[in-house]
Amino acid sequence: MPPTSVLVVDDSALMRRALKGILADAGEFEVHTARNGVDALEQLGRIQPDVVTLDINMPEMDGLTCLAKIMEERPTPVVMVSSLTEHNALVTLEALELGAVDYVPKPGGTVSLNIDEVSGDLVRKVRSAAAVRLKRAGGLRDRMRAQNARTAAAPPRRQLGAVGSVDLVLIGSSTGGPALLSELLPQLPSTLGAPVVLAQHIPASFTAALARRLDEICALRVHEVDRIMNIQRGNIYIGRGNADVVVARRSDGLIVKSVPAASEYRWHPSVDRMVASARRYIDPSRLVCVLLTGMGDDGAAEMGAVKEGGGRTIAEAEETAVVWGMPGELSRRGGATVVLPAYEIADRLADWVR
């Protein structure tokens with residue numbers, strides 16, 4: 001099997017050498033380097049890499065401009081490698097919406113002397129990106145935008161009705177999730193019959209920016225769970241990165257809160273832990289769960305238990321998932337009530353959760 005070809009794009013010679021060394025040591029990658037976006041585009045057609053790692057802040061052509069041109073000229077899986085500033089968090093979210101499939105945060109700044117701390121994360125995400133099929137993404141985006149246009153044209157429904165048969169919607173998401181959420185969540189009506197709690201695998205520095213961005217485009221209010229919050233209809237609660245998000249009950253109703261990441265769970269915020277906490281306080285038959293694109297199997301076990309208990313679950317279909325790991329595992333375990341392409345999920349949710 002030929003090695004995976006990777007083009008590392010970074011304006012720092014130190015970072016290029018470090019990133020190349022990490023990938024070369026993994027023994028499965030053929031690594032090329034580029035000094036900036038212009039250099040990367042010049043090499044793109046000649047090298048035809050399987051994956052590109054892309055810095056954000058570079059002279060001559062920044063990472064965001066380069067990413068847009070890559071997606072236009074030769075769509076290739078891109079992993080953003082950027083520092084953890086608030087500005088870069090916003091730009092990285094824009095990159096994910098433009099088509100980047102994942103990101104690796106640089107610890108310690110743009111020129112990171114501690115990049116070895118994320119070597120395992122880098123190798124794992126580049127390996128996963130090499131398996132991504134980007135051709136379907138454009139079609140998905142077009143279909144979801146068409147669905148968004150139909151939703152926007154529908155008469156607004158501002159008044160919340162009587163309590164329905166569903167108490168809570170739980171959504172789990174990972175690789176490819178931020179871009180998908182920005183297309184899917186705006187389709188949910190403001191009158192959705194139950195609140196939503198969401199676990200997206202993401203660094204803590206990205207969560208607030210993601211919540212603000214989604215709040216600007218959604219009919220439902222979107223919040224980062226940065227304190228103990230009462231769960232109320234008309235709202236979406238996003239668990240903080242690098243922590244777990246759990247549901248509990250108090251005398252005045254359900255609450256959601258962030259808690260330290262538990263070591264027995266591999267990814268955070270953990271989808272399995274979120275769903276398990278909800279099952280302690282809510283009859284599974286009154287839960288609806290959705291498992292979206294992502295590596296691994298987080299969420300599959302607990303959402304399967306929800307289905308066994310009489311609840312309903314949706315697994316994103318392979319045809320639209322950037323990575324069919326988590327939803328694929330839910331489907332393989334028989335835990336999915338339905339398997340749907342991303343552009344049909346919002347309509348099914350709105351139909352189930354009246």
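## Glu-344 in helix H12

Glu-344 belongs to helix H12, which spans residues 342-352; helices (H or I, at least four residues) and strands (E, at least two) are DSSP runs, numbered from the N terminus. With a relative accessible area of 37%, Glu-344 is partly exposed. On this scale buried means under 20% relative accessible area, exposed means over 50%, and partly exposed lies in between (1.4 Å probe, protein chains only). Glu-316 is 28 residues away from Glu-344 along the chain, and their C-alpha atoms are separated by 9.3 Å.

## The model and its confidence

This is a predicted model, in which local features need pLDDT of at least 70 and side-chain atom pairs count only at pLDDT 80 or more, while totals for chains, interfaces and linings use all residues. Residues are numbered from 1 along each chain as its sequence is written, and side-chain values use heavy atoms, with hydrogens and water left out.

The pLDDT is the predictor's confidence in each residue, from 0 to 100. The protein chain averages 89, and 89% of the residues score at least 70. Residues 157-161 have a pLDDT below 50; in the model this stretch has ten contacts beyond near neighbours in sequence, a contact being heavy atoms within 4.5 Å.

## The chain as a whole

Twelve helices and 15 strands make up the count for the protein chain. Of its 354 residues, 57% are buried. Taking contacts between residues at least 6 apart in sequence, 73% join residues at least 24 apart.

## Nonpolar cores

A nonpolar core is a set of buried Ala, Val, Leu, Ile, Met, Phe, Trp, Tyr and Cys residues joined through side-chain atoms within 4.5 Å. The largest one has 84 residues, and those touching the most other members are Leu-23, Leu-54, Val-78, Met-80, Leu-185, Leu-349 and Val-353. A second, separate core has 27 residues, including Val-197, Met-229, Tyr-237 and Met-274.

Not counting residues up to four places away in sequence, Val-78 touches Val-52, Leu-54, Leu-67, Ile-70, Met-71, Ala-100, Val-101 and Asp-102.

Asp-102 is part of strand E5, residues 102-106. Its relative accessibility is 5%, so Asp-102 counts as buried. Beyond four places in sequence, the residues that Asp-102 touches include Val-78, Met-80, Lys-125 and Thr-175. The side chains of Asp-102 and Thr-175 make a polar contact at 3.2 Å. A polar contact is a pair of N or O atoms within 3.5 Å; within protein, one must be able to donate a hydrogen and the other to accept it, and residues adjacent in sequence count only if both atoms are side-chain atoms.

Lys-125 is also one of the buried residues of H5, along with Asp-121, Leu-122, Val-123, Val-126, Ser-128 and Ala-129. The elements covering the buried residues of H5 include strand E1 (4-9), helix H1 (13-25), strand E4 (78-83) and E5.

## Helix H3

In helix H3 (residues 63-73), the buried residues are Gly-63, Leu-64, Cys-66, Leu-67, Ile-70 and Met-71. Seen down the axis of H3, these buried residues fall within an arc of 160°, so they line one face of the helix. The arc is that of the directions from the helix axis to the C-beta atoms. Glu-72 and Glu-73, on the other side of H3, are exposed.

At the start of H3, a side-chain oxygen of Asp-62 comes within 2.9 Å of the backbone nitrogen of Leu-64.

## Leu-134, a loop residue

Leu-134 sits in the loop between helix H5 (119-129) and helix H6 (135-153). Leu-134 counts as buried because its relative accessibility is 16%. Its contacts, leaving aside neighbours within four places in sequence, are with Met-71, Pro-75, Thr-76, Pro-77, Gly-99 and Val-101. Thr-76 is 58 residues from Leu-134 along the chain, with 7.0 Å between their C-alpha atoms.

## Asn-235 in strand E10

Asn-235 is found in strand E10 (residues 235-238). This residue is buried, at a relative accessible area of 11%. A polar atom of the Asn-235 side chain lies 3.1 Å from the backbone oxygen of Arg-233. Outside four places in sequence, Asn-235 is in contact with Pro-195, Val-196, Leu-220, Arg-221 and His-223.

## Cysteines

A disulfide is a covalent bond between the sulfur atoms of two cysteines. Here a disulfide is taken as a pair of cysteine sulfur atoms within 2.5 Å, and the count by this rule is zero. Cys-218 is buried at 11% relative accessibility, and Cys-289 is buried at 0%.
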